[in-house]
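Please go through the following model with an eye to how its chains are built and how they meet. The briefing below is grouped by topic, for reading alongside the coordinates.

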Amino acid sequence: MEDIISILITTIRVSTPLILACLAGLYSERAGIVDIGLEGKLLGSAFGAAVVASVTGNVWLGLLAGIGVSMMFSAVHGLASINFRGNQIISGVALNFLASGLTVFLGAAWFGRGGNTPPLTGDARFYGIRLPFAQEVSGVPIIGPIYSGLLSGHTILTYLAFLAVPLTAWVLWRTRFGLRLRAVGENPKALDTAGMSVSWLRYKALMITAVLVGMGGAYLSTAQAASFSREMSSGRGYIALAALIFAKWKPYPALGACLLFGFLEAMQYRLQGVDLPLIGRVPTQAMQALPYVLTILLLAGFVGRAIAPKAAGQPYVKER
Amino acid sequence: MSKTIKTGLAALAGVALTTLMAGTAMADPALVYDGGGKFDASFNESAYNGAQRFMDETGQAYQDLEISGDAQREQAIRQFAARGNNPIVLPGFSWETALRSVAPDFPDTSFLIIDTVVDDIENVRSVVFKEHEGSFLVGALAAMATESGTIGFIPAFDFSLLQAFGCGYKQGAAYIDPEVEVIETAIGTGFDAFNNPGGGTEVALSQIDRGADVIYHAAGGAGVGVLQAAADSGVLGIGVDSNQNHLHPGQVLTSMIKRVDVAVYNAFEDFANDEWTNDVQVLGLAEEGVGAAFDDNNAELITDEMRTTVDEITAAIISGEIVVHDYREDESCPV
């Protein structure tokens, strides 16, 4: 029981940035903008958050800076793909390269730690929040460990990430804005005919994307770890995109997919060197390859047909 | 005719200029840091401290460089060598490949590589440490400090140099109490694991969940995450390479220090005094090349008894009474 709880706690911790990045991708792709630059935005905002948090000593300013960095990246992506009708994949990949190079370059120039930032202490990082009565119920069987262990003790960003899932479902399927946002990703012409600005709607989607992915990046450097280190996003942006496809661009399945990927990562940390019943001790390398193998299997075999928003990846041209 | 003379003159001037430039930089030693960067609070910073100490004492300036990727390694050494910097100090086993391709081209330049042995090239000095001896000491300390009877070891990845740390640690713990359980979990599968403090944190937390209350890392920059997780969870971490006790005062039991600074300082000094030797130097407890760190930051954690025991073990290892097995000899660990 304790083992399971401990794996699930790790799952929640490592899923948080995936959920934020995956929902971020959901907004932009639903609006017709493919965002392969999620990876770069995660990395860039992790860097921005860590730098500002370490210089000012205030983690909230760090979070704002993280969101600011991803806003800038989104602005560039929007300019290239909405206004100039450029290829969205190329623009996204360019942003990834930019983030990868710029963070190390600026980090080395400013702090001389090989691209890393100084460790954050005190108010410069996020800490776990103890939910009310967590201490009191910890002794109660079953409910105790689940409430005080699993649900309590995470950082504010984790709770926000989980709250963002129902919020996203509500916004996209229950509001007028959501209807228009989905329409602009399926049939922008219809919106244009109705007199709405396709570009402005897409920019709004990109801004929401930037806020979410900025929180995800800040989580990496100021909540999960206590400093930025080079390439610290290590492919989470791509995994989030895979989860998005796996979830067929829907918020609740996206949560499930991210938790699954998080669970696989948690297993990798937790099961090294442990004797499993029947199987015995699994080699470290096999454990570490597991998430990737399962990702391929799931994407190749179990998703079924994943149909992307119709207009995703296509720049909108008013008249031909 | 005149054209040939002109070309000849230009070439001569070029040569003269190069010699002149080489002459000005000739005296400066060079230090090129490994991937972790200059101020990594660990291995590279120790190298920097050695160079800095030599500069403070002698006024001898040095050139240093941080690389931003593996692709720069060979280019960086070649450039320093071509500019006439001598000796060139390369801390870290990751330099071996680049060194092997550059050193033979510059037979008049002296190279120092730390943490691996390159003894088949004439102008290279190698310095390696008996990490297993230092790790034995911190393992003994961990076994004395643990209350749960479970201690942890976190290497960056499965690699024989890092296993030597772990093997010494296990032997030291078993020397104090054979019942102590040592959990070992790697952060990743390759060199990039040294730069993954988030992974270090997760691995440390999973070990803490399994009952470990003292955790030793051999993970360079990723170790910062390990020590952070230990401090946040109220258990003890053990630092590595540099004295890392100050990172979380009162929550880092000790650090297994490797005197990389001494290796760098000695290299600069030997070269300045014309006493440079191209040999393999092995620094252990007897040479004070490795050891456990004691300072104000961990004074409260170390009892007199622990201190006395460490001193006794140190003496026994130096006298040969205790022989610490080196994992690298046969790629296996007796405990």
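In this predicted model, 76% of the contacts in chain A between residues at least 6 apart in sequence join residues that are at least 24 apart. Chain A has 320 residues, of which 50% are buried, and its secondary structure comprises 13 helices and 2 strands.

**Chain A: overall form and annotated spans**

- The radius of gyration of chain A is 20 Å, which agrees with the value near 20 Å that a compact globule of 320 residues would have.
- Along the principal axes, the C-alpha trace of chain A spans about 65 × 50 × 40 Å.
- An unreviewed UniProt entry places the feature "transmembrane region" at residues 7-27, 47-69, 89-111, 156-173, 205-226, 238-264 and 289-308 of chain A.
- Among these spans, residues 89-111 of chain A are 100% helix and 0% strand, with their end C-alpha atoms 33 Å apart.
- Residues 156-173 of chain A are likewise 100% helix and 0% strand, and here the end C-alpha atoms lie 26 Å apart.

**Chain B: annotation and domains**

- For chain B, an unreviewed UniProt entry places the feature "domain: ABC transporter substrate-binding protein PnrA-like" at residues 35-324.
- That span, residues 35-324 of chain B, is 41% helix and 18% strand, and its end C-alpha atoms lie 30 Å apart.
- The domain assignment divides chain B into domain 1, made of 2-130 + 261-283, and domain 2, made of 131-258 + 291-330.
- The C-alpha centres of domain 1 and domain 2 of chain B are 32 Å apart, and the contact between them takes 13 residues from domain 1 of chain B and 16 residues from domain 2 of chain B.
- On the side of domain 1 of chain B that touches domain 2 of chain B, helix H2 (residues 43-58) of chain B gives the most, with 3 residues.
- The residues on that side of domain 1 of chain B divide into 4 nonpolar, 5 polar and 4 charged.

**Nonpolar cores**

- The largest nonpolar core has 102 residues, and those touching the most other members are Leu90(B), Leu99(B), Leu141(B), Ala142(B), Ala156(B), Val214(B) and Ile215(B).
- Helix H5 (residues 131-145) of chain B provides the largest share of this core, 9 residues.
- Because domain 1 (2-130 + 261-283) and domain 2 (131-258 + 291-330) of chain B both give residues to this core, the core lies between them.
- Once its neighbours within four places in sequence are left aside, Val214(B) is in contact with Ala142(B), Ala145(B), Thr146(B), Ile151(B), Val235(B), Leu236(B), Ile238(B) and Leu253(B).

**Where chain B meets chain A**

- The contact between the chains takes 28 residues from chain B and 30 residues from chain A.
- On the side of chain B that touches chain A, strand E7 (181-184), helix H7 (197-209) and helix H8 (223-233) of chain B each supply at least two residues.
- H7(B) gives the most to this side of chain B, with 8 residues.
- The residues of the side of chain B that touches chain A divide into 7 nonpolar, 14 polar and 7 charged.

Methods
Residues are numbered from 1 along each chain as its sequence is written. Chains are lettered from A and ligands numbered from 1 in the order in which they are written. This is a predicted model: local features need pLDDT of at least 70, side-chain atom pairs count only at pLDDT 80 or more; totals for chains, interfaces and linings use all residues. A nonpolar core is a set of buried Ala, Val, Leu, Ile, Met, Phe, Trp, Tyr and Cys residues joined through C-beta atoms within 7 Å. A residue is buried if 20 or more other C-beta atoms lie within 10 Å of its own, exposed if 12 or fewer, and partly exposed in between; C-beta atoms are placed from the backbone. Helices (H or I, at least four residues) and strands (E, at least two) are DSSP runs, numbered from the N terminus. Domain bounds come from an automatic or database domain assignment. Two residues are in contact if their C-beta atoms, placed from the backbone, lie within 7 Å. Ala, Val, Leu, Ile, Met, Phe, Trp, Tyr, Cys and Pro count as nonpolar, Asp, Glu, Lys and Arg as charged, and the others, Gly among them, as polar. UniProt positions are given in the numbering used here, feature names are shortened, and annotations may be inferred rather than shown by experiment. The radius of gyration is taken over C-alpha atoms; the globule rule is 2.2 Å times the number of residues to the power 0.38.
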